[in-house]
Every structure is written in structure tokens, then in C-alpha cells.
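Good morning, and thank you for coming.

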Amino acid sequence: MTKTLITGGAGYIGSHAAKALASLDREVVILDSLVAGHRDFLKWGEFEEGDLADTAFLKDVFARHDISEVLHFAAFIAVGESVEKPGMYYGNNVRNTLNLLDAMMEAGVKRMVFSSTAAVYGEPVTSVIAENHPLSPLSPYAWSKRMIEQILADYGKAYGLKHICLRYFNAAGADPNNEVGERHQPETHLIPLILHAALGLRDNITIFGTDYPTPDGTCLRDYIHVTDLADAHVRALDYLGSGGDSGAFNLGNGNGFSVREIIDVAREITGKDIVVAEAARRPGDSPALVSSSIAARETLGWEPRLGDIREIIRTAWDWHQKDLA
Ligand code: UFG
């Protein structure tokens, strides 16, 4: 039977992917250092606690489990922090991915689905971004993901590694059964912060920039439900498992929502009067990031099922009320 190793499986998206695979009765091994991941998110599969920096540990994991394929989520994800501490980001994200790849090659594991990001595109030059949009990362975080994409291509040529890079737009929402959800320390993402304000855990939500060239002056983002992301990972694994070619796919709903629109929907869902403060633009933010996900739909047969922004925010609200109670 196919056994899937999930690095970062105790994190936000990794735990949803673990649930998706386990619910199909697939065997899962989660590898997580628990530096950013959460022990209470370990609800599915076997668990190996350790760090990708530890090459002896990695070798041992591959020796003890008959792994067929890898979902690679483990990474640092904070854009601003990556600008301040680039070495930490290149070390954890790039060098440790090399450790993982070398352990995979040694064990003869030749399929990986990699957690990439829309941030590899940088400043958009078209209103809707397809996979052939120029790649121009703006931060060490985004560069680390871009570099890994290149490394995967090179391992493909040299060693026959088959890989899919999934470039997420804005991951949001939580498991509809409320078993796992979003929990970052510190939290920097828009929807969780709005919901923290709705719960009274912060005084307000600060809008970073109200003078963008967008309809209401605030940034547009394409929010995609984490359960739809998890489903795309399962499809990408199966695509590679049935002989599909390596490639990169965008994952988004194709709709741009402004920061103000998101706050308005959150007010409606929560019934709370969320106080807004306005501040200057956050360095490195693009005015608009909206995806074309036609390729994922056509090649992977992927179709977002929780694409309604109200559903995304409702599931996030259910989760945050439980998690922060
Ligand atoms: N925003 C605010 N106030 C906040 C937080 C965010 O106005 O307190 C705005 C941002 O300026 C941005 C939008 O809300 O316009 C979304 O911001 P997020 O921080 O939620 O997400 P990003 O669009 O910055 O996402 C980026 C990359 C992802 C990457 C992520 C890192 O696109 O690929 O940062 O966590 F994963």
C-alpha cells in the first residue's frame, strides 16, 4: 500500500492534508519538529518527531517506513521575518529540503508534492496570474520557495524525481468538521487577525494601505479554502503516482477580494462590530494577487468545493471560537 510522508504535517495546511489522506484510508507518516506545528493537530497517521536538519534522523525515518511519496510542507512562512533573518529562511527552507531530497534519493523515493506559493510571482504584470507569469520573488521567503522549485527540476533531470509544485494563493478557512484549523504564533494573516478582533482578543484590525490602485484602495487577494488545498495535494500525489509529468500549478478560486470586503463579510458572519484602523502600506505587499487555476482543474481534475468566501470565513470563525475559547 502507498505510504505518504508528510513533512510539516502538524501545521495548518499539512494537518488538513493528513486528514484528507487518512479519510481515504491511506497510510500517513507525519514528520514534524513541533517548532511551529502543534501536537494537538496530530490526529491522523503515525508521528515522527524531528527536524529536517537532522540527516541521521531522516535516514532512519526512511529506513523504518516503506515510504512511496512525500508531501513537503515543512518551512518557515513569515515574509517579514525572512527579510530580517534570511539565513534562517534559506537554512530551514532550502538546506533542509536538500537534506530531505537526499534522504529520499537514497531510499529510492522519487515522488514529491511541494508546498510552493504565489509569492514566487512577485509584483504581478497581468491582472490574473497563470503559471507562465514571470517569476520574480520579493523576499527571502519567496526566494526560498523559488529556489526549491529549481532544485526539484534539477533533481528531476539528474535522478528522475517527479514533482508537483503547488503555488497557493491565500490559504484560509478551517476543517468543516472543526478538527483542525489555522494557528500561527505570532499570527500575521488577515482573516485570523480579523477574527481575533471579533473575539475581543485585539482592539481592532489594521488595514495596511488604503491608497492602492484597486476599487476601494485596499489590496485584493484570492482566498482559497484549506480543505480545497488538501484535496489538490491528494490529486497531485495520485497524478504523479499514475505516471503524470512534473509541473507547477496555481491553486486559487480566481476571485479577488479586498481587505475591506473581507472585513465586511467577517462582520456579517460573526455578527460583531469589528473596529478598523488604517495604516501605511506593508512593505512587500502586491496590490492584487488573483490566480488562474485552469491548469490544476484541467490536469489534476481539481475543483474547489468551498470557494464561497462566506464559507471560508464561517469555517475559520467556527475554528477560532473553539480554539481560542
Ligand atoms: N493585511 C492587513 N492587515 C493585517 C494583515 C494583513 O491589511 O493585519 C492585508 C495585507 O496587507 C494583504 C492582505 O491583508 O493585503 C492579506 O495578507 P496576509 O498576510 O493574510 O497574506 P499575504 O497576501 O501577505 O500572503 C503572503 C503570500 C503567501 C505566503 C504568506 C506568508 O502571498 O504565499 O504571505 O505567510 F504564504
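Two elements, helix H6 (190–198) and strand E8 (205–208), each supply at least two residues of the shell around the ligand. Strand E8 provides the largest share, four residues.

Before I continue, a word on provenance: this is a predicted model, in which local features need pLDDT of at least 70 and side-chain atom pairs count only at pLDDT 80 or more, while totals for chains, interfaces and linings use all residues. Residues are numbered from 1 along each chain as its sequence is written, and side-chain values use heavy atoms, with hydrogens and water left out.

Which residues come nearest to the ligand? Of the 19 around it, they are Thr 117, His 189, Thr 206, Arg 221 and Asp 285. By class, the shell has 11 nonpolar, five polar and three charged residues; Ala, Val, Leu, Ile, Met, Phe, Trp, Tyr, Cys and Pro count as nonpolar, Asp, Glu, Lys and Arg as charged, and the others, Gly among them, as polar.

Turning to individual atoms, a ligand oxygen is 2.2 Å from an N or O atom in the side chain of Thr 117. An oxygen atom of the ligand is also 3.0 Å from a polar backbone atom of Ile 77, and a ligand nitrogen is 2.7 Å from a polar backbone atom of Thr 206. Taken alone, the ligand exposes 690 Å², of which the protein buries 91%; these areas come from the Shrake-Rupley method with a 1.4 Å probe.

Finally, I turn to the backbone. Most residues other than glycine have a negative phi, and most peptide bonds are trans. Asp 25, not a glycine, has a positive phi of about 65° and is found in the loop between helix H1 and strand E2 (27–32). Gln 185 and Pro 186 are joined by a cis peptide bond, with omega about -5°. Pro 186 lies in the loop between strand E7 (170–172) and H6, the helix with which I began.

Methods: A residue is near a molecule or strand if one of its heavy atoms lies within 4 Å of it. A polar contact is a pair of N or O atoms within 3.5 Å; within protein, one must be able to donate a hydrogen and the other to accept it, and residues adjacent in sequence count only if both atoms are side-chain atoms.
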